[in-house]
Amino acid sequence: MAKGNTLGETARDVKFLFEMGTLRHVARTWNQFGGLPLANDAEHTFRTAMIAWFLAKQEGADVGHVMKMALVHDMSETRVGDVHYLSRLYVKRDEAGAVRDQTEGVSVGQEMRELAEEYEERETLAAKVLKDADMLDIEIELMESIARGEFMGEIIHKKRAALREKLHTKTAKRFFDVIRVSNPHDWHTEGKNRFTAGDWKDV
């Protein structure tokens, strides 16, 4: 039988969960460039995890392990914030210290720290898959930005073409190629809807 937490240990876990809830209030700093309406950290984490699931399955990585790593990959940003490609040249963040402090006393804190360290070292297949997923989420978001007519999205999209070679897996490169020529609206305009399968079909 698994050992249950004490009331005090559970209270520490709950404090951590409240902190993780604040990820939805952490803005990703790309929105500095022309006020791009980007996903917040929590939204980014969700889709990155979904992408990582696809990649892990197709690359033969441990899906459960990758999913847990996806949940922790940006959790330090509740304390250190996000940085973009310009500020990264000047800003140093103590992400390892943030992870250490925010998980101290948390019931699964040791596992979280190990997952965060594995991700940053980028040596295992799981870590490489997740980093690829992280980069692919940005590509998807840039395509959404372009579909809204945002010129800055087009500029960044062009500059990021060379990043294909930084992807670790063949699956991610395939996704990258398809994402960059895809229409973000195809999922609903070309899928089952009132025009294709409903009362507007003959309109």
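Colleague: Let's start with Asp 199: is it buried or exposed?
Modeller: Asp 199 is exposed, at 55% relative accessible area. Buried here means under 20% relative accessible area, exposed means over 50%, and partly exposed is in between, with a 1.4 Å probe and protein chains only.

Colleague: And what does the side chain of Asp 199 meet?
Modeller: Arg 194, in a salt bridge of 2.7 Å, N to O. A salt bridge is a side-chain nitrogen of Lys or Arg within 4 Å of a carboxyl oxygen of Asp or Glu. Arg 194 itself is partly exposed, with a relative accessible area of 42%.

Colleague: What should I know about the model before I go on?
Modeller: It's a predicted model, where local features need pLDDT of at least 70 and side-chain atom pairs count only at pLDDT 80 or more, while totals for chains, interfaces and linings use all residues. Residues are numbered from 1 along each chain as its sequence is written, and side-chain values use heavy atoms, with hydrogens and water left out.

Colleague: Okay, how many salt bridges does the structure hold?
Modeller: There are 15. One of them joins Arg 164 and Glu 165, with the closest N and O atoms 3.5 Å apart. Arg 164 is partly exposed at 25% relative accessibility, and Glu 165 is exposed at 57%. You'll also find Arg 47, Asp 137 and Glu 144 linked in a network of salt bridges.

Colleague: What does Glu 77 pair with?
Modeller: Glu 77 forms a salt bridge with Arg 93, and their closest N and O atoms are 3.8 Å apart. Glu 77 sits in helix H4 and Arg 93 in the loop between H4 and H5, so the pair ties together parts 16 residues apart in sequence. Helices here are DSSP runs (H or I, at least four residues; strands are E, at least two), numbered from the N terminus.

Colleague: Is Glu 77 buried or exposed?
Modeller: Buried, at 6% relative accessibility. Arg 93 is buried too, with a relative accessible area of 19%.

Colleague: Staying in that loop, where does His 84 lie, and what does it touch?
Modeller: His 84 is in the loop between H4 and H5, and it's buried, with a relative accessible area of 4%. Not counting residues up to four places away in sequence, His 84 touches Thr 29, Trp 30, Gln 32 and Phe 33. Contact means heavy atoms within 4.5 Å.

Colleague: Now the inside. How many residues are in the largest nonpolar core?
Modeller: It has 32, and those with the most contacts inside it are Leu 55, Val 66, Met 69, Met 75 and Leu 136. H1, H2, H3, H6, H7 and H9 each supply at least two residues of this core, and H7 gives the most, with 8. A nonpolar core is a set of buried Ala, Val, Leu, Ile, Met, Phe, Trp, Tyr and Cys residues joined through side-chain atoms within 4.5 Å.

Colleague: And what is Leu 55 in contact with?
Modeller: Leaving aside neighbours within four places in sequence, Leu 55 contacts Val 129, Asp 132, Ala 133, Leu 136, Thr 171, Ala 172 and Phe 175. There's also a second, separate core of 6 residues, including Trp 30, Phe 33, Ile 138 and Ile 156.

Colleague: Which residues of H9 are buried?
Modeller: Thr 171, Ala 172, Phe 176 and Ile 179 are buried in H9. Seen down the helix axis, the buried residues of H9 fall within an arc of 140 degrees, so they line one face. That arc is taken from the directions from the helix axis to the C-beta atoms.

Colleague: What covers them?
Modeller: The cover over the buried residues of H9 includes H2 and H7.
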